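Good morning, everyone, and thank you for making time for this short talk. Please take a moment to look at the sequence and the structure before I go through them.

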Amino acid sequence: MLKIRMQGTPKDLKWFRQLLEDSEEIQVNRVSEAFANKGTKQFFRMYAEVEKAEKRK
């Protein structure tokens, strides 16, 4: 399992989350809500727990 920290604008985070969830090679187990970064109102962070998806036959 990998834990990924993503940081960016809300639009960037939404795009990357969708990219992860649409991948056939990655199984997304959990994604956190977006947290505001201290000192900025533009950038947020999210965390995702992913692992290698099992091959489909």
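This is a predicted model: local features need pLDDT of at least 70, side-chain atom pairs count only at pLDDT 80 or more; totals for chains, interfaces and linings use all residues.

Let me begin with a term: a strand here is a DSSP run of E of at least two residues, and strands are numbered from the N terminus.

Let me step back to the whole chain for a moment. The protein chain has one helix and four strands, and if you follow the elements from the N terminus on, they run β-α-β-β-β. The C-alpha trace spans about 50 × 20 × 10 Å along its principal axes, and of the 57 residues in the chain, 21% are buried.

Now, which strands pair with β4? Strand β1, residues 2-8, pairs with β4, residues 44-52, in the antiparallel sense over seven bridges, and within this pairing Y47 is the bridge partner of R5. Strand β2, residues 26-31, also pairs with β4 in the antiparallel sense, over five bridges, and here R30 stands opposite E49. Strand β3, residues 35-36, is antiparallel to β4 as well, with two bridges, and F35 stands opposite R45.

Let us return to E49 and ask: is E49 buried or exposed? Its relative accessibility is 18%, and because buried means under 20%, E49 counts as buried. If we leave aside its neighbours within four places in sequence, E49 is in contact with M1, L2, K3, Q27, V28, N29 and R30.

The next topic is the nonpolar core. The largest one has seven residues, namely M6, L13, L20, V31, M46, A48 and V50. The elements that give two or more residues to this core are α1, residues 10-22, and β4, and the largest share, three residues, comes from β4. One of the core residues is L13, and, not counting residues up to four places away in sequence, L13 touches M6, Q7, G8, F44, R45 and M46.

Finally, a word on surface and charge. The chain exposes about 5100 Å², of which carbon and sulfur atoms supply 50%, and the mean positions of its 13 positive and 9 negative charges are 6 Å apart.

Definitions and conventions:
Residues are numbered from 1 along each chain as its sequence is written. Side-chain values use heavy atoms; hydrogens and water are left out. Two strands pair if DSSP finds at least two bridges between them. Buried means under 20% relative accessible area, exposed over 50%, partly exposed in between (1.4 Å probe, protein chains only). Contact means heavy atoms within 4.5 Å. A nonpolar core is a set of buried Ala, Val, Leu, Ile, Met, Phe, Trp, Tyr and Cys residues joined through side-chain atoms within 4.5 Å. Accessible areas come from the Shrake-Rupley method with a 1.4 Å probe; for residues, only the protein chains shown count as cover. Lys and Arg count as positive and Asp and Glu as negative; His and the chain ends are not counted. The place of a charge is taken as NZ of Lys, CZ of Arg, CG of Asp or CD of Glu.
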